[in-house]
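Please open the structure in your viewer and keep the selection tool ready. This tour goes from one stop to the next, saying at each what to select and what is there.

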Amino acid sequence: MNYKYITGKNLGLSDYSGWTEGTIMQDIYPDSSFVSGTGNTHSMKIIPKIKDQKVYAKYAFEKRFEGGPGLVHGGILSAALDDMMGYSTIIHNKFAVTANLEVNFLIPTPVLKEFEIFAWVKDIDGKKIYTESLIKSDEHTHVESSAMFIDLGLDAAEFFAPDKNYP
């Protein structure tokens, strides 16, 4: 796939990460999340999972996320990508927060149409974690994004382990 603003380089998961293909990430994340929380009535309820060593979701943005007529609001698209890239740091066992987010809107993203969302870690340099993501339909890439996250120095596996019993 050709990208306009991102590299597409995926660091991939180490054999020792503990994360496996098909793991549904929302099952191990707070129910209050605006993007993926099932316990938040206002949540977008995106259900990310691990696919091809990336974080992946299929999603149709509801009419309530409309900005311009018939189009998804840019802030909603940014929030979705930021959250997905945050998940990508977790599958590398990094507990991190966003320090910088760059979003490139390539073509308008209509509401009520199903999209694929991908996010991955591009590189890790000390405490800096570089991520990329995109939103695409079958025929087009609508949004590309990159971010830098800062590793807080905590093992994400302690907080988000797939076998941990969450409330």
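Is Y3 buried, partly exposed or exposed? Y3 counts as partly exposed, at 24% relative accessibility, where buried means under 20% relative accessible area, exposed over 50%, and partly exposed in between (1.4 Å probe, protein chains only).

Before going on, note that this is a predicted model, in which local features need pLDDT of at least 70 and side-chain atom pairs count only at pLDDT 80 or more, while totals for chains, interfaces and linings use all residues. Residues are numbered from 1 along each chain as its sequence is written, and side-chain values use heavy atoms, with hydrogens and water left out.

**Aromatic pairs**

The structure holds five aromatic pairs; rings of Phe, Tyr and Trp (its six-membered ring) pair if their centres lie within 6.5 Å, and planes under 30 degrees apart count as stacked, over 60 as edge-to-face and the rest as tilted. Select Y3 together with W120, and you will find a tilted pair, with 6.3 Å from centre to centre and 50° between the planes. Y3 lies in the segment before β1 (49-51) and W120 in strand β4, so this pair ties together parts that are 117 residues apart in sequence; helices (H or I, at least four residues) and strands (E, at least two) are DSSP runs, numbered from the N terminus. W120 counts as buried, at 1% relative accessibility.

Next select F61 and F115, which form another tilted pair, 6.2 Å centre to centre with 55° between the planes. Because F61 lies in the loop between β2 (54-60) and α1 (74-90) and F115 in strand β4, the pair ties together parts that are 54 residues apart in sequence. F61 is buried at 0% relative accessibility, and F115 is buried at 1%.

**Nonpolar cores**

Stay with F61, which is one of the residues that touch the most other members of the largest nonpolar core, a set of 34 residues. Such a core is a set of buried Ala, Val, Leu, Ile, Met, Phe, Trp, Tyr and Cys residues joined through side-chain atoms within 4.5 Å. The elements that give two or more residues to this core are β2, α1, β3, β4, β5 and β6, and the largest share, eight residues, comes from α1. Apart from this core lies another, of five residues, among them Y56, F118, W120 and L134.

**Charges over rings**

Now select K51 and Y56, where the charged end of K51 sits over the ring of Y56, 4.2 Å from its centre; the rule is that NZ of Lys or CZ of Arg is within 6 Å of the ring centre and within 35 degrees of the ring normal. K54 lies over the face of W120, at 4.6 Å from the ring centre.

**Salt bridges**

A search of the whole structure finds five salt bridges, each a side-chain nitrogen of Lys or Arg within 4 Å of a carboxyl oxygen of Asp or Glu. Select K94 and D151, whose side chains meet in a salt bridge at 3.7 Å, N to O. K94 lies in strand β3 (residues 94-105) and D151 in strand β6 (residues 141-155), so the pair ties together parts that are 57 residues apart in sequence. K94 is partly exposed, with a relative accessible area of 22%, whereas D151 is buried, with 10%.

End at K136 and E116, which form a salt bridge with the closest N and O atoms 3.5 Å apart. K136 is in strand β5 and E116 in strand β4, 20 residues apart, and both K136 and E116 are buried.
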